[in-house]
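Me: Hi! I've got a new model to go through with you. Could you have a look and talk me through it?
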Amino acid sequence: MCQIIVNPDRPFEVALKQFSRSVQNGGILAEARRRRHYETPQARQKRKAEAQRRRQKRSRF
């Protein structure tokens with residue numbers, strides 16, 4: 001859960017930008033997009049295996 005402390009002296013746009021940044025860094029939107037549709041266990045395994053391959057390929061160099 002993302003939480004920011006709003007300073008009454010600062011404009012609303014600054015608080016909104018700070019909140020958006022914290023949501024982005026927390027991965028909340030990515031998680032919501034991923035959970036939008038049901039993913040079968042087989043598809044989940046395939047996605048995780050592919051991500052693992054990409055990570056290993058990137059770390060070789």
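Reply: Happy to! A term first: a residue counts as buried under 20% relative accessible area, exposed over 50%, and partly exposed in between. At 36%, Glu 50 is therefore partly exposed. Keep in mind that this is a predicted model.

Me: Thanks. Which residue does Glu 50 meet in a salt bridge?
Reply: Its partner is Arg 53, at 2.6 Å from N to O. Both residues sit in helix H3 (residues 41–59), three residues apart, or about one turn of the helix.

Me: How many salt bridges does the structure hold?
Reply: There are five. Glu 31, Arg 34, Arg 35, Glu 39 and Arg 47 are linked in a network of them.

Me: What does Glu 31 pair with?
Reply: Glu 31 bridges to Arg 34, with the closest N and O atoms 3.0 Å apart, and to Arg 35, where that distance is 2.5 Å. Arg 34 and Glu 31 are about one helical turn apart in helix H2 (residues 28–34).

Me: Are those arginines exposed or partly exposed?
Reply: Arg 34 is partly exposed at 35%, while Arg 35 is exposed at 59%. Glu 31 is partly exposed, at 30%.

Me: Switching topic: what's the overall fold pattern?
Reply: It reads α-α-α along the sequence, with three helices and zero strands. The radius of gyration is 18 Å, well over the 10 Å from the globule rule for 61 residues, so the protein is more spread out than a compact globule.

Me: And what share of the residues is buried?
Reply: Buried residues make up 5% of the 61.

Technical notes: Residues numbered from 1 in each chain as written. Predicted model: local features only at pLDDT ≥ 70, side-chain atom pairs only at ≥ 80, totals over all residues. Heavy atoms only, no water. Helix = DSSP H or I, 4+ residues; strand = E, 2+ residues; numbered from the N terminus. Rg over C-alpha atoms; globule rule 2.2 N^0.38 Å. Buried < 20%, exposed > 50% of the residue type's maximum accessible area, 1.4 Å probe, protein only. Salt bridge = Lys/Arg side-chain N within 4 Å of Asp/Glu carboxyl O.
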